Every structure is written in C-alpha cells, then in structure tokens.
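I am keeping these notes for someone who has just opened this structure. I want to record how its parts lie against one another, and then look at a few side chains one by one.

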Amino acid sequence: RGGTNPTPAAMQAVLDHPALADKRKVINITLYVIHAFAFAYVISALAAAGGLEVSKAYNFAIIWLALLVIGFSVGSHLALTRYRTSLAYGFVIGTAFMMSMQMLTTAVLAGGITDVAEAVDSGADAERSVTAFASLLFICYILLTVELVLFKDTVIPEGGDSLAAHDHTAGGVDDHATFVGSAGVEAAPGPGPTARGADADRV
C-alpha cells in the first residue's frame, strides 16, 4: 500500500533460516568456494591450452577467461571486505552475473572440444576438467549474484553510504567538522536568495 513490495512469505522464511542468520558469513563462504574452483579452472585452462592445438582462438578464449577469473576473485574480495561501498557492491553483482554467463558459454565450448580431443586422443582429460570447473563456477557465480541481491540490506548500511565512512562516523567522528575552517572557526552562512530578496523589498 505504501509503494513497497514486501518479500513473499516463502522467500522470507528461507532468508530467516538459522543457517542464513549470518548473511555476511554466507557470502564469504561462497567467495572462498569460488576462489577454490577458480584456481582449479586456471590450472585446467593452462593444461588444455598447452595440450591441444585444435583451435588457437579457443585456447586464447579460455586463457583470457582465466585472467578474468583471477581479476574477479581479487576485485570481489576487495570490494566486499575493504572498499565496501554501494557502488562497489553493485559492480560485484553485475560482474558476477556476467562471469556466470561467460562460464556457461565456456562450458558448452569445452564440451564440444572434448569430443574432438577424444577423437584425436589428445588432451581430453584437460578439456573435461575445463568443462567441469566452468560448470561449477557458473553455478557459484549465479549463487553469489542471488545472495548479493537478497542480502544487500544487511551488507550495505541504510542509504547506501560507504561502510568505511559509516564505521568512521559511528566511532564518534562528527561529519560536520569537515565544514569547519582550518582556523577552527565555523564560517557563518551567507544570506540566501530569500533573505536578499526580503532586504530589497524593505529598501
């Protein structure tokens, strides 16, 4: 009635489950799982690119994606643990979703290359590893995206301010002090447009 869409009862019951009580811990666990699968994918991609020369374009694609996986792991960890702003949070959501789509595409391509590798009896195990870990990362990235969307009100303070600034203010630092001059004397505000208009009318 007030313009807001309440969370459905079934979804709210899931969110209130004791296992999801510490939502930041749930997100951190998902990130650690992603880091583990990311390491395995990078190793598999290096082995696949070096063991089978079916397509140089495909080899470039899986190595480039491996670099993106490393970049996402580092960036998401910093964004969610150190630079915890609403902008960084939204960036991680969008990037995680796009990484999931990339992993889905790579899993399909690697599955097709696996058939070729088995036919020539070269590099089939590495291609199967790429297919497996790309599929697992697709699931993990989707899961992380859903968690970040559902838990955003818990992880980000109300108003979307920087959590670092929020903690700084909560520690007793007055934000109003930033408007005080270097001499320690607060400048008196000048007359606004309304005040100047009133003086002109009296004249």
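I began with H2 and H3, which are roughly antiparallel to each other, a term that applies to angles over 145 degrees, whereas angles under 35 degrees count as roughly parallel, 65 to 115 as roughly perpendicular and the rest as oblique. Helix H2 covers residues 23-51, and its packing angle with H3 is about 160 degrees, with the axes 9 Å apart; the axes are lines fitted to C-alpha atoms, for helices over the stretch in contact, and the angles run from 0 to 180 degrees between N-to-C directions.

Before going on I noted that this is a predicted model, in which local features need pLDDT of at least 70 and side-chain atom pairs count only at pLDDT 80 or more, while totals for chains, interfaces and linings use all residues. Residues are numbered from 1 along each chain as its sequence is written, and side-chain values use heavy atoms, with hydrogens and water left out.

I then looked up how H2 passes H3, and the crossing is left-handed, meaning that the near helix is turned anticlockwise from the far one by less than a right angle (clockwise would be right-handed). On the H2 side the contact (heavy atoms within 4.5 Å) includes Ile-27, Leu-31, His-35 and Tyr-41, and on the H3 side Asn-59, Ile-62, Ser-73 and His-77 are among the residues taking part. Sorted by class, the contact of H2 with H3 has 16 nonpolar, 5 polar and no charged residues; Ala, Val, Leu, Ile, Met, Phe, Trp, Tyr, Cys and Pro count as nonpolar, Asp, Glu, Lys and Arg as charged, and the others, Gly among them, as polar.

Next I turned to H3 (residues 56-81) and H5 (residues 124-150), which pack at an angle of about 30 degrees, their axes 13 Å apart. That angle makes H3 roughly parallel to H5. Here Tyr-58, Val-69, Phe-72 and Leu-80 of H3 meet Glu-127, Val-130, Tyr-141, Leu-144 and Leu-148 of H5. This contact of H3 with H5 has 8 nonpolar, no polar and 1 charged residues.

Which side chains meet in a salt bridge? I found Asp-125 and Arg-128, at 2.5 Å from N to O, where a salt bridge is a side-chain nitrogen of Lys or Arg within 4 Å of a carboxyl oxygen of Asp or Glu. The count by this rule comes to 1 salt bridge. Asp-125 and Arg-128 are 3 residues apart in helix H5, so about one helical turn separates them. Asp-125 counts as exposed at 55% relative accessibility, while Arg-128 is partly exposed at 37%; buried means under 20% relative accessible area, exposed over 50%, and partly exposed in between (1.4 Å probe, protein chains only).

I also checked two single residues. Leu-67, found in helix H3, is partly exposed at 48%, and its C-alpha atom is 10.0 Å from that of Ala-38, 29 residues away along the chain. Phe-91 has its place in helix H4 (residues 86-120) and is exposed at 58%.

Last, I noted the whole protein, which has 8 helices and 0 strands, where helices (H or I, at least four residues) and strands (E, at least two) are DSSP runs numbered from the N terminus. Buried residues make up 29% of its 203 residues.
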